[in-house]
Amino acid sequence: MTTLVADERDGTAELRDVDAWWRAANYLSVGQIYLMDNPLLTEPLRPEHIKPRLIGHWGTVPGVTLTYAHLNRVIRRTGQRMLFVLGPGHGAAALNAAAWLEGTYSEVHPEVTRDLAGMRELFRQFSFPGGVPSHASPHLPGSIHEGGELGYSLAHATGAALDNPDLVVACVIGDGEAETGALAASWHAPSFLNPGTDGTVLPILHLNGYKIANPTLLSRIPRTDLDALLTGHGWEPMYVEGSDPDEVHARYATVLDEAMERIQEIRDFARLGIGPSKPYLPLIVLRTPKGWTGPAAVDGVPIEGTFRAHQVPLAAVRENAEHRALLEQWLRSYRPEELFDDRGRPVDRISDQNPDGPCMSADPAAHGHTTVGLRLPRPSDYTVGFAEPGTVRAESTRVLGGFLRDALVANPHNLLFFSPDEHTSNRLDAILEVTGRRWRAERYDSDDRLSPDGRVFEVLSEHLCQGWLEGYLLTGRHGVFTTYEAFAHVVDSMVVQHAKWLYMATQFPWRSPIPSLNYLISSHVWRQDHNGASHQDPGFIDHVLSKRPEVSRVYLPPDANCLVHVFEHCLRSRGMVNVVVAGKQPALQYLDDQAARAHCEHGLGVWNWASTDLRGGTEVVLACAGDVPTQETLAAAALLRELVPNLAVRVVNVVDLARLFPPDRHPHGISDAAYSRVFTDAPVIFAFHGYPWLIHRIAYRRPHHDRLHVHGFVDNGTTTTPFDMCALNGIDRFQLAVAAVEQVPRLVDRLDELRSELLARLDAARSYALRVGDDPPEISEWSWPNSTAPRHE
């Protein structure tokens, strides 16, 4: 194999050029933190040259710029395509500088030109009102990772590498970030990455020793223990350590060359089918001082190499002339006169360090430019057929599984499924008919459908499922995250970060919309017969709908046919967070294929076949959202037909919760006029899948909101029968029917009679369940009246 290391003389000259680029990037980074004018120090620093509010983080920057400089050297020499993921928080000054030096920043932000005026603007806008943040937000070309919340960098890098066989994802991991649970789980990546079909993740664990005020754990454990930790997860650690720039440059170049040779060897062997099935993957441990090349001490207090270098080493520069002199000395230590010409442009020596081809800040996959739409089968080919609504039972997610199986067959290289050990539990077995579960660790004969190239990723970490999927989506591919409803909350903060990224990315036209983040939430609150209260929390939908309306969507399909149509829509969508909640247990089916398609397109509508107000004069509306609430609502409508035959009842079903928002609050919101046509001015008894206050919060400005009465989950959970769960929370058919008759003035004389009858039936059903351990047949086998007995499909 050809060596990548040049002869000593050429190598020394090359490393001097790498050092010059590093100095230029460091100079630009310090300038961003401190300066709003006088960017090239053409005159002595004055207070008005300094930003009034110094907001930024210096401590991690020198290690980041050093790494970027050396990766560019590798790209120039090998032509290797690389993506850069920055894990340490608030390190964007380094990547802004790198992108500006490469010219990409000026291409996507033409106002930040690659000259003196542009350098001034680069400095001024950083952590400045109307400017850019101090972490790697979507403004930064080449970045797919926000870094505002720590812990997800290695998971994102792993997701980006999946199905990208020619890509190397260089992932800088901060040693503070490495203390998070999400990052700690992410070390398992070698057990899932396939070197024959996936790209390679090159982690660079940056041990600079400190967080904002404390030491970092991995920087203080013995090297033997760190080796054991990393090798135990499948990595081959390679060390770069020191504080002398020349020595560190030489060592970094050698280690990176060795790492790249090892990566190529692993790839070649994997594609030839030789070598170990799970090779140890290179990992670089970079140990350099915190705030390296910055002030060694300020006012007699050590700064470089301590936690005090984490943010702004010199804080009172405007007011303190001595500190201002130290800042100027610091900036001049990078010798900017060697790095930029009189017009502020990088000199040729600096520009020559940029790759000839696409550089890391211009990788098209980081900007959504490589996205290819899915080829999806027709939902109509998978829908459940029946003669009458409410007569056939089916497992909705099992029906969806057939659709997703064939979608995978049609898209074998850009569609993946993620789940925390719940794929089969949630009835998606059909997908496993055409693929296996990804697994590259040891296998036993008793294992079930494990495969080194499987398209289903199961790992008992919601953080990893979410992080891998996000990395996959952010680089233009498609996927689905299936999880139990109660534990979707594990990734609450992750979905916040992703939703913010999606919204902010829309502000930059050079970023194309990426495939949506699609959740299938099953094993939901109303069917936890054996798990009980610990598995009963529908609040994830509240959480998502509280985010930017431009990107947040929640769908509650009432049956299998609606589920398939909703999911086809979600897989085709771009730039959204789609949450689809669907049960996995056998349940009644209501809408045929054509009706389901139309209903899902509208997002909500009147079910005339279940209503008795067809001649007008609606006296009460029974509304519902969610599969179990829909069943109980229809059963309540049937009870009212039986007990009050002449009552004008309208049944409304909601699939798309955002339809309930006013149109100025959400782009899916319908007008007040359209809302009134659906819900009329009659009292509304709304049976909701989740917490009832969410509906009130969404619809509080709607006409006649005072007549809206929402029944939902009120945190009365236990291990009990499906019907008893409904009864405990007041969404059962009997309590819904009571609520309806209580709102009809003309029934006041019969109210006590009707209430007594309905509550007696409720008590009988609950007593049966407590005595027998199951719901009575008239509940468990209920179907829409005037139909034959329920059939199963």
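This tour visits several residues in turn and states what may be found at each. The model is predicted.

**First stop: Asp775**

Select Asp775, which lies in the loop between helix H25 (751-772) and helix H26 (777-780). Asp775 is buried but has no salt bridge. Arg527, the nearest side chain of opposite charge, is 7.2 Å away. Which side chain makes a polar contact with the side chain of Asp775? Display Thr721: its side chain makes that contact, at 2.6 Å. Next, display the backbone of Phe723, whose nitrogen is reached by the side chain of Asp775 at 3.0 Å. Setting aside neighbours within four places in sequence, the residues in contact with Asp775 include Pro722, Asp724, Tyr768, Ala769 and Ser780.

**Second stop: an aromatic pair**

Select Phe481 and Tyr519 together. Phe481 belongs to strand E13 (residues 478-484) and Tyr519 to strand E14 (residues 517-522). The two residues are 38 residues apart, and the pair links distant parts of the chain. Are they buried or exposed? Both Phe481 and Tyr519 are buried. A pair of aromatic rings is described by the distance of the centres and the angle of the planes. Here the ring centres of Phe481 and Tyr519 are 5.6 Å apart and the planes meet at 40°; stacked pairs have planes under 30 degrees apart and edge-to-face pairs over 60, so this pair is tilted.

Then select Phe192, Phe418, Trp439, Phe457 and Trp468, which ring pairs link into a cluster. The count of aromatic pairs comes to 28.

Select Arg223 and Tyr239. The charged end of Arg223 sits over the ring of Tyr239, 3.6 Å from the ring centre. Move to Arg548 and Tyr503, where the charged end of Arg548 sits over the ring of Tyr503, 3.9 Å from its centre.

Most residues other than glycine have a negative phi. Select Arg427, in the loop between strand E9 (415-419) and strand E10 (437-438). Phi of Arg427 is positive, near 70°. Arg427 has 18% relative accessibility and therefore counts as buried, the limit being under 20%.

Now select Asp715, in the loop between strand E22 (708-711) and helix H23 (722-729). Phi of Asp715 is also positive, near 70°. Asp715 counts as exposed because its relative accessibility is 52%, and exposed means over 50%.

**Last stop: Gly196**

Select Gly196, in the loop between helix H7 (181-186) and strand E3 (200-206). Not counting residues up to four places away in sequence, Gly196 touches Ala270 and Arg271.

Conventions
Residues are numbered from 1 along each chain as its sequence is written. This is a predicted model: local features need pLDDT of at least 70, side-chain atom pairs count only at pLDDT 80 or more; totals for chains, interfaces and linings use all residues. Side-chain values use heavy atoms; hydrogens and water are left out. Helices (H or I, at least four residues) and strands (E, at least two) are DSSP runs, numbered from the N terminus. Buried means under 20% relative accessible area, exposed over 50%, partly exposed in between (1.4 Å probe, protein chains only). Lys and Arg count as positive and Asp and Glu as negative; His and the chain ends are not counted. A salt bridge is a side-chain nitrogen of Lys or Arg within 4 Å of a carboxyl oxygen of Asp or Glu. A polar contact is a pair of N or O atoms within 3.5 Å; within protein, one must be able to donate a hydrogen and the other to accept it, and residues adjacent in sequence count only if both atoms are side-chain atoms. Contact means heavy atoms within 4.5 Å. Rings of Phe, Tyr and Trp (its six-membered ring) pair if their centres lie within 6.5 Å; planes under 30 degrees apart count as stacked, over 60 as edge-to-face and the rest as tilted. A charge sits over a ring if NZ of Lys or CZ of Arg is within 6 Å of the ring centre and within 35 degrees of the ring normal.
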